[in-house]
Amino acid sequence: MIKQALIVMLACLSTSSWAATGDTTVIRTHNDVLIQTNPAVGNTKYYAWAQFPKLEPGKTYRSVRMELDMRCPSNLSCGEWDYLNHIFIGRRSGDYNDTLNWEIARFITPYGLQFDKKWGHTWNWDLSDLESLFRDSVEIYYMHTGYEAKNDRGWIINVRFILEEGPQERPITNLSYMYRVNAPYGNDSLFAARTPERSWVTAENTSTTRIKIIQTGHGMDKPSNCAEFCPRQRFLYIDSTCQDTSWVWRDDCGANPVFPQAGTWIYDRAAWCPGQSVEPYHFEFADSEGSEHRFDLGMESYTKTSGSSNYQIAVYRVEYDDYIHAHDAKITDILSPSSDPQYSRFNPICGEPQIRVKNSGSDSIFALDIEYGIDGGTLSKHYWAGRLGAGEEATIQLPYSMDWTRTSDEFVARITKLNGKADEDPSNNQRKVTLPPQTPTYTDRVVVLFRTNNAPMENFYEFLDAAGHVIYRRDDFTAKNTIHRDTFQFYNGCFTFRFEDSGTPNPDYPLNEDGLSWWANSTDGSGILQLRDAWSGGVLKVFNGDFGTNLIQHFTVGYTLNNIDPKPKSGALKVIPNPSHDGFGVDLSDLSLNPSSPADLQLINLQGQLVLARRLQGGYSQLQWISTQGLEPGVYVVKLRQNDDLYSQKIVVY
């Protein structure tokens, strides 16, 4: 059951108990709120009271998620700069009369001045550690910082909480907000003074303690552009001993799902990227009730010569009891197929679905039985073998051979067995997501038209089959500002085109992962990338050169996903021997070929070049011998086509 509650004024809120075991309740706090900067102050706060369910004593939420939707105002431009945004729990009333002012999430706005009116994006946070805070009447306030003029720009936001009632995987015995500080960096003594040591005694039944940190670096000082643009190490001390060392850094800004942006969005930064949520850092250690501990946070020593730099740091402490189940697995997310904007770089797909699973029990997981597919249709089955310790997560690639017939608009995945037996808590074994649009269908001959820029060695591209195997690859680009036209032949199936800008950077400007054209890197110049139909010459896809790290395009050949997948026939062709030195035979005896109809046999190298072409007609032999004399050692693809049927297999020549 899904229950929804819209934010209203406190005086209008019901005080009834809304949630029952297994219910999901959606609480919307900020509904189409226009947020803008206040240049005179540097921040603006948007307050809202919400009525959360009054759970019965002993009841908990097993999951709390928060979603933030952001879009451009209809009558204004989107905001221009990458400004810090914070979401807080402020005051509580009803059963709780206190003031918290706890920061529960952090977000950085994108460079959005060039976004059109159709732009919008959604981010989400897992706040299950904080579930005890969401009771009765709670004030949520959104703080937007910055100094840009507000007469012609801003953002529209929506904030909602999704709460699922049920037992926690391991009960929380204590939750404490240790501190939230703005600590100057570049003077070690000042930093130490702003990040004081904290001591505590663990609560009853505690077996594990988690230190939860939200930390981002800002400012550009000298000599190292700290803290925003300098990777630095953080040290966590428990009882005066350094127990954890980690980098306060995020190195994947070029793979941002919000792209392109108007500013320097591709630069990696101190634990944040423009237009992305800030991911908390977790460190856990084994503990016991009544233990006395001291915690201190330190940063790599650094002395600045001028300028300003700081780290904004919020630290929680979460104490847990033991896992309530020994054997419990759950699906935490479906990455593809998915319409979630955060996964837009690699969706839609036609090949291998990806899901995230977590071990929510105390015993290790060695095997999972999973079924998946379009909800309401015929589901496929997969047996996964591996190892997941308590609390560990993994991404699982599911086989591509599934029925893509759209019997509904949702993709479903569920765990049916754990280590060969029933899961102790089956209620978290299933997840559904809304399907994205279908992948395009291309012809069987595709041209990659690529004009290099001034940094051709940064680039390579490849085509992969539905199982993720590379079938074509080109990585020999050395000439600047040169047009390449490469034609590739495909059989009926699902394929992925992947173009990378992550190779060796231009020595004149050593930065890669900045696409083929980017306004802040004129040294690299501008390139062009298109996919074209080799038969008609028509354009299939034109890619924007400002893409950061990579581009991914999935497509089908010979069928569309709204019909049953005819199952790609790669691997149906028998090639003997494989690997081969002097030659090999292609066995056609098991294929359902029409002997009165001609067939075409081809040998193609991994650059997509046709090495051999043989026309078979009129009583051809069921064993075709191909000599490899004169061929360079390497991997080739053997293809046999008759009418609309195409078979293929790889062959290694040595």
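**A pocket and its surroundings**

Modeller: Strand β34 gives the most to the lining of the second largest pocket, with five residues. This is a predicted model: local features need pLDDT of at least 70, side-chain atom pairs count only at pLDDT 80 or more, and totals for chains, interfaces and linings use all residues. Residues are numbered from 1 along each chain as its sequence is written, and side-chain values use heavy atoms, with hydrogens and water left out.

Two terms come first. Strands are DSSP runs of E with at least two residues, and helices are runs of H or I with at least four; both are numbered from the N terminus. A pocket is found on a 1 Å grid over the protein atoms alone: it is an open set of points where a 1.4 Å probe fits, with protein on both sides within 12 Å along at least five of seven lines, and lining residues have an atom within 4 Å of a point.

This pocket holds about 730 Å³ of space. That volume is the space filled by probe spheres set on the points, with grid points joined across faces, edges and corners. The lining has 29 residues, and P257, F259, P260, S344 and R345 are the closest to the centre. β8 (120-126), β33 (539-542) and β34 (550-557) each supply at least two lining residues. By class, the lining has 15 nonpolar, 10 polar and four charged residues. Here Ala, Val, Leu, Ile, Met, Phe, Trp, Tyr, Cys and Pro count as nonpolar, Asp, Glu, Lys and Arg as charged, and the others, Gly among them, as polar.

Now a sheet. Four strands form an open sheet in the order β3-β9-β6-β7, with antiparallel pairing. Two strands pair if DSSP finds at least two bridges between them. β3 (43-51) and β7 (98-108) are at the edges with a single partner strand each, so one side of each has no neighbour in the sheet. On average, neighbouring strands of this sheet are turned by 20° against each other, direction ignored. The axes are lines fitted to C-alpha atoms, for helices over the stretch in contact, and angles between N-to-C directions run from 0 to 180 degrees. Eight bridges join β6 (84-93) to β7. L84 stands opposite I108 in β7.

Next, the cores. A nonpolar core is a set of buried Ala, Val, Leu, Ile, Met, Phe, Trp, Tyr and Cys residues joined through side-chain atoms within 4.5 Å. Buried means under 20% relative accessible area, exposed over 50%, and partly exposed in between (1.4 Å probe, protein chains only). The largest core has 48 residues, and I104, F134, Y142 and F161 touch the most other members. β7 gives the most to this core, with six residues. A second, separate core of 29 residues includes A329, W404, F411 and L418.

Last, some backbone details. Most residues other than glycine have a negative phi, and most peptide bonds are trans. D32, in strand β2 (24-35), has a positive phi of about 50°. A271 also has a positive phi, near 70°, and counts as buried at 17% relative accessibility. The peptide bond from S336 to P337 is cis, with omega near 0°. The bond from I576 to P577 is cis too, with omega near -10°.
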